[in-house]
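Dear colleague,

I am passing on the structure below, and after it you will find my notes on how its parts pack together. Please read them with the structure open beside you.

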Amino acid sequence: MLGSLSDARRADSRDRPPGLVPPRTRLWLDFVNTDAAAQMPGGDLLRDFEAVLLWFQAQGAIDDERAAGIRRRAVLQPAAAAATLVDARRVRAALRVLAEKGQLTARVRDDAVVEINRVLGRSAGTRRLDPRSAGGYARAFVPTGDAFAGLMIPIVESAADSLVDEELARVRRCADPRCHRVFLDGTKNGLRRWCDMGTCGNRAKAARHRARSVKHP
């Protein structure tokens, strides 16, 4: 399945205007940034299965109707819902390693592909194009059978897109050693260092200013 996806994404890449700068976010990177390390002191955003569903809804990865159906199934199958939470965290951990080290290490990329294919391979369903309530359209994956099986599909497909489009060179962790957030550098020169200039970037600027003040009172 990843092979056919790769072929399609390569075709998409060839159709892009030359010099196009990638956008600053990807769904899989946002997903990585839900972990406790990136959210301190707020803690893990995927603290329970309900929190997982709420995050997917907020990101537009599942619609309200499907989320309601999954919630009903979770009441009937709490063990399956708990297993889905464990699996979501497993996928997230693998993708964090890909985000932080994938550009430098082929083994990390290979391990990520195995994880991506594991999720893609166990899920059966149909893909379709749905209109967005605010206008426009979005691709959707509708699982058949197991209500939980396809939940991670949008995440791993987003990661697969970044691999196929060779974006890992622009994926990096924030330069602030206290921050664990990862991001896609969408700047033209590819020199972005901070996940957000308003927080980590400003802290770094303030620290440099204090250091200069101490050195030259």
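Helix 7 (residues 106–122) and helix 8 (residues 153–164) pack with their axes 10 Å apart and at an angle of about 145°, where helices are DSSP runs of H or I of at least four residues and strands are runs of E of at least two, numbered from the N terminus, and where axes are lines fitted to C-alpha atoms, for helices over the stretch in contact, with angles running from 0 to 180 degrees between N-to-C directions. To this contact helix 7 brings Arg109, Val113, Ile116, Val119 and Leu120, while helix 8 brings Ile153, Val156, Glu157, Ala159, Ala160 and Leu163; contact here means heavy atoms within 4.5 Å. Of these residues nine are nonpolar and two charged, with no polar ones, if Ala, Val, Leu, Ile, Met, Phe, Trp, Tyr, Cys and Pro count as nonpolar, Asp, Glu, Lys and Arg as charged, and the others, Gly among them, as polar.

Please keep in mind that this is a predicted model, in which local features need pLDDT of at least 70 and side-chain atom pairs count only at pLDDT 80 or more, whereas totals for chains, interfaces and linings use all residues. Residues are numbered from 1 along each chain as its sequence is written, and side-chain values use heavy atoms, with hydrogens and water left out.

The whole structure holds four aromatic pairs, a pair being rings of Phe, Tyr and Trp (its six-membered ring) with centres within 6.5 Å, called stacked if the planes are under 30 degrees apart, edge-to-face if over 60 and tilted otherwise. One of them joins Phe31 and Phe56, whose ring centres are 6.1 Å apart with planes at 65°, so this pair is edge-to-face. Because Phe31 belongs to helix 2 (residues 27–32) and Phe56 to helix 4 (residues 49–58), the pair ties together parts 25 residues apart in sequence. Trp55 and Phe56 are also edge-to-face, because their planes stand at 80°, with the ring centres 5.4 Å apart. Phe31, Trp55 and Phe56 form one aromatic cluster.

Best wishes
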